[in-house]
Amino acid sequence: MKLFKCQHCGQPVYFENYFCVHCNAALGFDWQQVDMLSLQVAADDATLFTTGSDDKKQYKYCSNKQYHVCNWLLPHNSEAEFCLACNLNHTIPDLSEPDHWEKWASIEVAKHRLVYALLRLKLPIISKFQDAEKGIAFNFMAEENKGERLLTGHDNGLITLNIAEADDVIREMARNQMDEVYRTLLGHFRHEIGHYYWDRLIKDSGRLQSFRDLFGDETINYSEALQQHYNKPASEDWRKNFISAYAGAHPWEDWAETWAHYLHIIDTLETAYSFGLSLHPKAADSENKMSATINIDAYATKNFTAIIDKWTLIFCNEQS
């Protein structure tokens, strides 16, 4: 995630901050500018804000700020109650349950970071409230009956997440059991949104044959392919051709896993770039290739070779 700067005092601020800890200025994320704004209360109305530099432009917070799960902004004259990210929610947990708010808060952090990445990539973000057929919606749900298992997954733009995944202990147990290194809340979202964008960007497009050339024929029976994947004995053979073991289950999963890993790479490189990360081992001589500097913004770089070179130098150097 990018490191932002308070526009009032110049101190670093973070994506989830509601105020600057140095000057106490209110902060809000403007998704249209994809930037964090420093705010001050507009005259005669404590619910409206300006940046100070342009008093003619006024903002209001997303309604979910009242639950401390969103710091995103809307134009003050917008009829919408929720920001771009929160307007994607179809179902949220029952907040009358004692531990549900804490889980929802963790989920919203991950979901907002996902939406930030989609904005940086300039991908279409449409809520199912706007387009029921082609839009995105999120169901954050708890298992109501012990005998019925609620699975995280995607179905025609509807992404369901079992809120138990927000319990670090439960998720870590599942991650170890399933041997899923990237099983995180954000990892789930990256994977499932990959399925959605396959429908939007690949299906019924001129890219379908290119997809099949690289990932395989997606028309093979999906359920049978998953069943075969889970029934076969554990093996490390997948490392020869896939980004993860699960990617080998079906071309759709290969796409979603690859998509998720790409988002993981560029998000991580953005953090490294934002903090000016460089690696210069003292034990290495001047010609050693272990040295590297993250001097590119991965979101603004179209050259994938440059992105993967930085990634492997900093994070995958087996000699380090």
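Student: At what angle do helix 3 and helix 6 pack, and how far apart are their axes?
Tutor: In this predicted model, helix 3 and helix 6 pack at about 120 degrees, and their axes lie 8 Å apart. Axes are lines fitted to C-alpha atoms, for helices over the stretch in contact, and angles run from 0 to 180 degrees between N-to-C directions. Helices (H or I, at least four residues) and strands (E, at least two) are DSSP runs, numbered from the N terminus.

Student: What do we call that arrangement of helix 3 and helix 6?
Tutor: Helix 3 and helix 6 are therefore oblique to each other. Angles under 35 degrees count as roughly parallel, over 145 as roughly antiparallel, 65 to 115 as roughly perpendicular and the rest as oblique.

Student: Which residues make the contact between helix 3 and helix 6?
Tutor: Helix 3 contributes residues including L186, I193, Y197 and W198, and helix 6 contributes residues including W252, W255, W259 and L263. Contact here means heavy atoms within 4.5 Å.

Student: And how do helix 6 and helix 7 pack?
Tutor: Their angle is about 70 degrees, with the axes 10 Å apart, and helix 6 and helix 7 are therefore roughly perpendicular to each other. Among the residues that meet are I265 and L269 of helix 6 and I308 and W311 of helix 7.

Student: Before going on, what are the ground rules for numbering and confidence?
Tutor: Residues are numbered from 1 along each chain as its sequence is written, and side-chain values use heavy atoms, with hydrogens and water left out. Local features need pLDDT of at least 70, side-chain atom pairs count only at pLDDT 80 or more, and totals for chains, interfaces and linings use all residues.

Student: How many residues are in the largest nonpolar core?
Tutor: That core has 66 residues, and those with the most contacts inside it are F29, W72, I125, I193 and Y197. A nonpolar core is a set of buried Ala, Val, Leu, Ile, Met, Phe, Trp, Tyr and Cys residues joined through side-chain atoms within 4.5 Å. Buried means under 20% relative accessible area, exposed over 50%, and partly exposed in between (1.4 Å probe, protein chains only).

Student: Which elements supply this core?
Tutor: Those giving two or more residues include strand 3 (26–30), helix 1 (100–120), helix 3 (185–201) and helix 6 (251–274). Helix 1 gives the most, with 10 residues.

Student: Is L119 buried or exposed?
Tutor: L119 is buried, because its relative accessible area is 16%. This residue belongs to helix 1. Beyond neighbours within four places in sequence, L119 is in contact with F29, W31, V34, W72, L84 and I125.

Student: What does I125 touch?
Tutor: With neighbours within four places in sequence set aside, I125 is in contact with L84, L88, V115, L118, L119, I136 and Y197.

Student: Turning to strand 3, how many of its residues are buried?
Tutor: Strand 3 is mostly covered, with 4 of its 5 residues buried. Strand 3 pairs with strand 4 (residues 35–41) in the antiparallel sense over 5 bridges; two strands pair if DSSP finds at least two bridges between them. These two strands form a hairpin with 4 residues between them, and V34 in the turn has a positive phi of about 50 degrees.

Student: What is the strand order in the open sheet?
Tutor: The open sheet has 4 strands in the order 8-9-11-10, with mixed pairing. Its edge strands are strand 8 (89–91) and strand 10 (153–155).
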